[in-house]
Amino acid sequence: MRKVPVNLGIIMDGNGRWAKKRGLPRQAGHVTGAQVFRKITKYCEKCGVRYLTVYAFSTENWRRPQDEVNAIMNLLRQYLKESLSDFQQENIAVRFIGNREELAEDIRLLIEEAEQSTAHKTGMTLNIALNYGGQQEITAAARKLAQRVAAGELDAAAIDETMLEKALYTEDQPPVDLILRPSGEYRLSNFLIWQSAYAEYVFMDVLWPDFKEEDLERAFEEYARRDRRFGGV
Ligand code: IPE
Ligand code: IPE
Ligand code: MG
């Protein structure tokens, strides 16, 4: 049996550059990127990945031009509407991580529908990171615990790593084994900063819309060669 990460994170990056190289608007890169996302999700489930978290939109991505933000949100609407039946066939439980209060009402409803209709699925868990930032996530968790302390329900001295971890969006999911970032950038960009404390990193030069199953296989091979020591010897 080959070693596949139990919990995989993917920073789907490079859509804009892919489009620019072809003389197309950035939005065109997001359209192709969304197709690749669907294909790679299915492939991950086939390979035996148990938790897949994809970075779709960061808390910092609101800084982009309004028309680009709108295009991304519309792709998401389309994905959520179309994939509900896909999810039924596929044994994937979908969850959204990030601050949903700032999202449009109709998107929030579609998200809830997708989560509820797949909650009983026993296959891979797909976390879609949307309006997600690792710093925002940890801050929200700290606030949640602080409110419990203020209400007299919790002793501040009892707060440990396990408790904070359970207050994150990812709750009781296992730690991330591998973070994969295509597009040639070598940074985390506020993705899963707590969960990736002992993750392996694989950076690849390919732009996300060009990403193929073979690229994922290459990343898995690289991951299998890593010696993970977790501070031990
Ligand atoms: C990633 O691709 C998609 C999102 C951030 C929504 P980019 O849009 O960041 O593409 P580049 O990095 O500009 O090429
Ligand atoms: C990270 O990519 C966010 C997503 C892929 C959704 P960015 O393109 O926003 O990150 P930076 O700006 O290059 O760090
Ligand atoms: Mg980018």
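Q: Which residues are closest to ligand 1, and how many surround ligand 1?
A: In this predicted model, ligand 1 is surrounded by 13 residues, and the closest are Asp 13, Gly 16, Arg 17, Arg 26 and Arg 64.

Q: What is the distance from an oxygen atom of ligand 1 to the side chain of Asp 13, and what is it for Arg 64?
A: For Asp 13, an N or O atom of the side chain is 2.8 Å from a ligand 1 oxygen, while for Arg 64 a side-chain N or O atom is 2.7 Å from an oxygen of ligand 1. A polar backbone atom of Gly 14 also lies 3.3 Å from a ligand oxygen.

Q: And how much of the accessible area of ligand 1 does the protein cover?
A: On its own ligand 1 has 380 Å² of accessible area, of which the protein covers 86%.

Q: Switching to Asn 61, where does that residue lie, and is it buried or exposed?
A: Asn 61 sits in the loop that runs between strand S2 (51-58) and H3, and it counts as buried because its relative accessibility is 18%, under the 20% cut-off. Its C-alpha atom is separated by 10.0 Å from that of Gly 133, although the two residues are 72 apart along the chain.

Q: What span should helix H3 have, and how far apart are its ends?
A: Helix H3 covers residues 66-90, so at 1.5 Å a residue its 25 residues should span 36 Å, and the end C-alpha atoms, 34 Å apart, agree with that.

Q: Where does H3 bend, and what comes just after the helix?
A: The bend, of about 45°, is at Ser 83, and just after H3 comes Asn 91, with a positive phi of about 60°.

How values were computed. Residues are numbered from 1 along each chain as its sequence is written. Chains are lettered from A and ligands numbered from 1 in the order in which they are written. This is a predicted model: local features need pLDDT of at least 70, side-chain atom pairs count only at pLDDT 80 or more; totals for chains, interfaces and linings use all residues. Side-chain values use heavy atoms; hydrogens and water are left out. Helices (H or I, at least four residues) and strands (E, at least two) are DSSP runs, numbered from the N terminus. The expected span of a helix is 1.5 Å times one less than its number of residues. The bend at a residue is the angle between axes fitted to the seven residues ending there and the seven starting there. Buried means under 20% relative accessible area, exposed over 50%, partly exposed in between (1.4 Å probe, protein chains only). A residue is near a molecule or strand if one of its heavy atoms lies within 4 Å of it. A polar contact is a pair of N or O atoms within 3.5 Å; within protein, one must be able to donate a hydrogen and the other to accept it, and residues adjacent in sequence count only if both atoms are side-chain atoms. Accessible areas come from the Shrake-Rupley method with a 1.4 Å probe; for residues, only the protein chains shown count as cover.
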